[in-house]
Structures are given as C-alpha cells and as structure tokens.
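Subject: Structure for you to look at

Hello,

Here is the structure I promised to pass on. Please open it next to this email and follow along.

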Amino acid sequence: PLALLDLPAALLASEALAAGLRGLPAVSALGVGQLPVSTACKIGAAWVGLAAACEASPGIETLYVRSQRVRSAEAALLFEALARAGLRSLDMSGTAAAGALEPPPVRSRRNWCLHRPLSGAAADAAAALALAMDPLASGGTLARLRAARCALGDAGALLLFGSLRSAPRGGALLELDVSANGFGAAAGLALAELVAASGGLE
C-alpha cells in the first residue's frame, strides 16, 4: 500500500489529485503539509481538495492532519468525507479550531503541568470542531484517534466523547490520545465513562 504524506496546499487545491487517486486503490494513508487558514466567509480550496481526495481513495485507512487551524465549516466538510470513506485511523495532533488556541500551561506547586480552561469564543470554537467530528466519531469505523493538544477543553471533550460512545455496537475504537487539551473535572469524568464503556480502549 502507498502512503502519500506532506501533500502541499497547492496540490490539494487542484482537481487533478482526486482524479489521480481514483486510479490508485492501493493508497492507504494520506498526510498534509501546513494548510493556510482561510477567511471566515470562504471554505479553503485545500480543505475542499483534501475531502475530495479522501473520498477518491477507496483503500484509505489513515489520515495525518497535524498542527492545523481549521474553521468549523471546513472541519464539517472533511469529517463527513472521512465518515463516508470509513477511515480507521486519524492523527490530528495539534490541530485546533481557528479561534481556539491552546491555553498556556500553568505550573503547580508540585510542578505538574496544568492547563487553564477555555472560555468564551475559544470554548465555542472548540465545541464547533468537536461537533463537526461527529459523523466520523459516531460512525463505528474509527479505531485510532490521536487528538492531543487540540484545545478541546471541556466543551469540545464532552461532545467528542459523547459521539464516540454513541458509535454502533460500541464502535471499533482501540486507541485514543486526548492529552494536553485543558480538561476539567467534567471532561475527565466523561473520559472515564468512555473508557469503561469501551472494552479494548487504551
């Protein structure tokens, strides 16, 4: 199987990529380079192209889309495409909603690294990203999700964990990384409930 990694924004924005992928059923993994942050009123062409490329790759199992800033409309477009493609593994480490920057760490007396909770517009943006993830998270095909440092906060975490729990027959999730997301007690409890409800989750 082929893995196409670090795809540039210019290539993603061209229709040629999706057309070419339709003739390559052996492509099992896609990865993207840094994508530009689009304006608030327009979905970025690279995100449109990425969604099309995922749907054009019948054998795709893994997507690497790390350290991006994505708007909710772009995220919705992408995750709907990933759900239709039956994606098995997603690494979105460091990717956050545009407007929901990761809170700075705080050092406690015991030198633990804590995170300030999100509030206001940042919490709303995080919740919108998690809501956009629902088609994939609740679809039952996702086995591995790496979503560390995504500035989810409690608002985003509660929505994401709820989607994962609602997957049919408990879903296929085996591996979940949601570290460094500024969780509070509510998100911690929801995560514990998700782990308890998922037999093989690590």
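Start with confidence, since this is a predicted model. Among the elements of the protein chain, strand β5 (residues 89-91) has the highest mean pLDDT, 98. Strand β7 (residues 105-107) has the lowest, at 47. The pLDDT stays below 50 over residues 102-114. Beyond near neighbours in sequence, that stretch still has 20 contacts in the model. For the protein chain, the average pLDDT is 86. A score of at least 70 is reached by 87% of the residues.

β1 runs parallel to β2 (residues 27-32), and four bridges join the two. Look for A3: A29 in β2 stands opposite.

Now the core. The largest nonpolar core has 51 residues. Which of them touch the most other members? They are L63, L90, M92 and L145. Helix α3 (residues 45-55) gives this core its largest share, five residues.

L90 is worth a click. Leave aside its neighbours within four places in sequence, and L90 is in contact with L63, V65, F79, L136, L142, R144, L145 and R146.

Last, the aromatic rings. How many aromatic pairs are there? The count comes to one. The partners are F161 and F183, with ring centres 5.8 Å apart. Their planes stand at 85 degrees, and over 60 counts as edge-to-face, so this pair is edge-to-face. F161 lies in helix α7 (residues 153-165). F183 lies in the loop between β10 and α8 (185-197). The pair therefore ties together parts that are 22 residues apart in sequence.

F183 has 26%, which lies between 20% and 50%, so F183 is partly exposed.

Best wishes

Methods
Residues numbered from 1 in each chain as written. Predicted model: local features only at pLDDT ≥ 70, side-chain atom pairs only at ≥ 80, totals over all residues. Heavy atoms only, no water. Pairing = 2+ DSSP bridges. Phe/Tyr/Trp six-rings, centres within 6.5 Å; stacked < 30°, edge-to-face > 60°. Buried < 20%, exposed > 50% of the residue type's maximum accessible area, 1.4 Å probe, protein only. pLDDT = per-residue confidence, 0-100. Contact = heavy atoms within 4.5 Å. Core = buried A, V, L, I, M, F, W, Y, C linked by side-chain atoms within 4.5 Å.
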